[in-house]
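This report describes one protein chain for a reader who has its sequence and model at hand. Please look at both before reading on.

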Amino acid sequence: MSNPALRYSLYRLGIFAALFAVVMVVFGLFDLNGRGNVFIAIAIAAAGSALISYRFLNAERDAMSEALYERMQRAKQRIAEDNRAEDEAVAPVRIAKEAS
């Protein structure tokens with residue numbers, strides 16, 4: 001996968017889904033299949049996946065951060081180039097107005 005943000009997100013989603021499945025199996029083993037327990041399982045899976053991803057997905061998180069930073073720098077550079085081109089295009093008009 002070439003997109004680091006997508007790869008990181010899919011890893012996080014996979015960890016969450018696996019933990020959610022484990023928690024639901026444990027709840028099923030202890031006969032805790034009430035409606036409110038699904039929300040508790042979601043909360044447990046979310047907290048657990050956050051901790052696991054914080055600990056084990058450092059490389060993916062760093063790659064995602066670097067890719068986003070580079071993308072923002074390219075966007076800033078494009079905007080600066082567009083502004084320079086616009087200033088160059090408008091400069092003769094300003095000079096003509098100032099002269100008159």
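A residue is called buried when its relative accessible area is under 20%, exposed when the value is over 50%, and partly exposed in between (1.4 Å probe, protein chains only).

## Model and confidence

The model is predicted, so local features need pLDDT of at least 70 and side-chain atom pairs count only at pLDDT 80 or more, while totals for chains, interfaces and linings use all residues. Residues are numbered from 1 along each chain as its sequence is written, and side-chain values use heavy atoms, with hydrogens and water left out.

The predictor's confidence in each residue is given as pLDDT, from 0 to 100. For the protein chain the mean pLDDT is 87, and 86% of the residues reach 70 or more. Where pLDDT is low, the predicted coordinates should not be read in detail.

## Helices

The protein chain has three helices and zero strands, in the order α-α-α from the N terminus. Helices (H or I, at least four residues) and strands (E, at least two) are DSSP runs, numbered from the N terminus.

## Buried and partly exposed residues

Of the 100 residues in the protein chain, 13% are buried. G48, in helix α2 (residues 35-56), is buried because its relative accessible area is 19%. G48 lies 9.3 Å from F20, C-alpha to C-alpha, although the two are 28 residues apart in sequence.

A67 belongs to helix α3 and counts as partly exposed because its relative accessible area is 29%. Between A67 and N3 there are 8.4 Å in space, C-alpha to C-alpha, and 64 residues in sequence.

## Surface patches

Patches are made of residues with over 30% relative accessible area and no salt bridge; like charges are joined within 9 Å, and nonpolar side chains (Val, Leu, Ile, Met, Phe, Trp, Tyr) within 5 Å. A salt bridge is a side-chain nitrogen of Lys or Arg within 4 Å of a carboxyl oxygen of Asp or Glu. Accessible areas come from the Shrake-Rupley method with a 1.4 Å probe.

V22, V25, V26, L29 and F30 make up a nonpolar surface patch, together about 510 Å² of accessible area. V25 sits in helix α1 and is exposed because its relative accessibility is 52%.

E81 is part of helix α3 (residues 58-99), and its 38% relative accessibility makes E81 partly exposed.
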